[in-house]
Amino acid sequence: DRFRRGSTRNAQLAEQRLQFEQQGLEAAIEHDADTDDRRALAMALQYSQESSLEVQNAGNEMVNFVNTLKHILGSSAVSADNCAQLTCGRHAQCEEMKRPGDGGYSLVQCECEPGYEGDGYVCNPISQFAMYPLIDLPKEETPMQVTDIDVQKFAQNKVIVVFRQQPSNEGFYVMGEATPTDMVWSKPVSFTNGGEAWSPKAMGFGNGRVAIAYRNKKDKGTGFVVGGLYNAPDAERKGGSLNLTAPAEFAKGLSHRTSMVAVEGMSIVLCYVGQGANGNDFGAALVYKVLPDGKLLKRSKAPIRFSERPVTHLTTTALDNKLFVVGFRGAPLKSSDGQEVKEEAAMVVGAYAPSLGTVVFEPTEFSVEPSQPQIWSRGVSVVGQNLVMYAYQEGVTGMTKSAVLRVDPDTKRITFQERPKVVHQGETPYVNAISLAAYPMQPQTVVYYETKGIGKAHICDLSAAGTTQNCKDISIVGRPLLDIKGLALGMSRVLFVMSDSKGVPYFEEVFTNEEMPR
């Protein structure tokens, strides 16, 4: 403190001397009629003003040095007035917190950036993550091993998780309830009664009606969809439970995952890879209505085609209660001149017609990357009114990218709102995106991926123009994963459900506008 006081006093004396000098020069310039003298005096005044700035900067640097050194040494008596008087370490930033009812700052300190921990001067990647067991078992019991995870929110604060248990491949669900401070989970319950369930998908509605779709074999399996009703939790059934109806077959010969989206009238659009009479695959969809008793009513008499070419890696998201999009990897096309067109990051718009119980798909597919081959993992999410984010991984370049697309609700045509931007450079076993991550707060986009065994979330604010800005990457998982799915719970609260490399299931909550996962 003595060093700081001495430095501040010396800086003040030097400043006073320079101010006195400048006042004299200004008076001389005003009264001197000789042009050459006035020019020389003006130059002297400029030099004096520059010296004054140098003195101020030198004084600030000395104060900065003292405050930073005291912080590093652990002193609590640090009197920094603003962030200009502190120098933070790498992966840290200065925070100024105002005192209520006062124009000044009650606390000025260095804080580690999202994904890092420390004192603000030495910040290291987070080594401990708040992962909690999804299934609460006694210590003596062997943990359940799961994969093919899907998670969906319904009825405001209810969550359904479906997965495939290993090694039996049986399908299970877990019901969850999001309280203001925690997640409450039910015990796992089989929805296949011993049968296999590959790539299960779930969907729920606000009144508690649900649907689960799956196939019964890894390759060339039969697709089933089952409806049900949600039962509220009680003393014996934490998290709630389901009353499920008998499964209904919807397709044969399935080897790829399906995807579902909820539409008007308690109905679902189930998208899958269909097989034609000639043996060629195509993009197909069926419409089912979940009735008040949980049973399913098939609305579409035959598969509705959204693509005439073979498709895989299906992913869907709804823009409203009728309009939705389907993202997929499509087989190469032939252009009019015979050239092969990749179009592997494709998307198409669908519109549900409730009076007809069918879906009308826009015949023109949109390609995010028309010439890039080997587009693998992907996810689509709604990020604003008529705005969709398409996140994907390029196998050739190893880049994870995202693009913001605008869907015209009248013409059903898709255009770029923001062309593809690089999210991450390097291999990742998964890429996905989360819809309305911060609703109803500042619109945000969330793309999650893995790099070098660390799960990351790329979080951006969405500008009024529909473009990403103020992006940051935070660490969410500190180990390699077998599977992970995320969804928004509201108010920037995001839930991740995952299984580690051994298949043990966990969950974690992350707040996208805060610096640390909970």
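The legends below describe close-up views of side chains in a predicted model.

Residues are numbered from 1 along each chain as its sequence is written, and side-chain values use heavy atoms, with hydrogens and water left out. Because the model is predicted, local features need pLDDT of at least 70 and side-chain atom pairs count only at pLDDT 80 or more, while totals for chains, interfaces and linings use all residues.

**View 1. Lysine 456 in strand β34.** Lysine 456 is placed in strand β34, residues 454-462 (strands are DSSP runs of E with at least two residues, numbered from the N terminus). Lysine 456 is buried but has no salt bridge, and the nearest side chain of opposite charge, aspartate 473, is 6.8 Å away. Buried means under 20% relative accessible area, exposed over 50%, and partly exposed in between, with a 1.4 Å probe and protein chains only; a salt bridge is a side-chain nitrogen of Lys or Arg within 4 Å of a carboxyl oxygen of Asp or Glu. Lys and Arg count as positive and Asp and Glu as negative, whereas His and the chain ends are not counted.

**View 2. The salt bridge between glutamate 264 and lysine 322.** The closest N and O atoms of glutamate 264 and lysine 322 are 3.9 Å apart. Glutamate 264 lies in the loop between β16 (259-263) and β17 (267-275) and lysine 322 in the loop between β21 (311-318) and β22 (323-330), so the pair ties together parts that are 58 residues apart in sequence. Glutamate 264 is partly exposed, with a relative accessible area of 27%, and lysine 322 is also partly exposed, at 36%.

**View 3. The salt bridge between glutamate 509 and arginine 493.** The side chains of glutamate 509 and arginine 493 meet at 2.3 Å, N to O. This pair links distant parts of the chain, with glutamate 509 in strand β38 (residues 505-511) and arginine 493 in strand β37 (residues 493-500), 16 residues apart. Glutamate 509 is buried, with a relative accessible area of 4%, and arginine 493 is buried as well, at 8%.

**View 4. The rings of phenylalanine 163 and phenylalanine 172.** Rings of Phe, Tyr and Trp (its six-membered ring) pair if their centres lie within 6.5 Å, and planes under 30 degrees apart count as stacked, over 60 as edge-to-face and the rest as tilted. By this rule there are 14 aromatic pairs. The rings of phenylalanine 163 and phenylalanine 172 have centres 6.2 Å apart and planes at 15 degrees, so this pair is stacked.

How values were computed: Helices (H or I, at least four residues) and strands (E, at least two) are DSSP runs, numbered from the N terminus.
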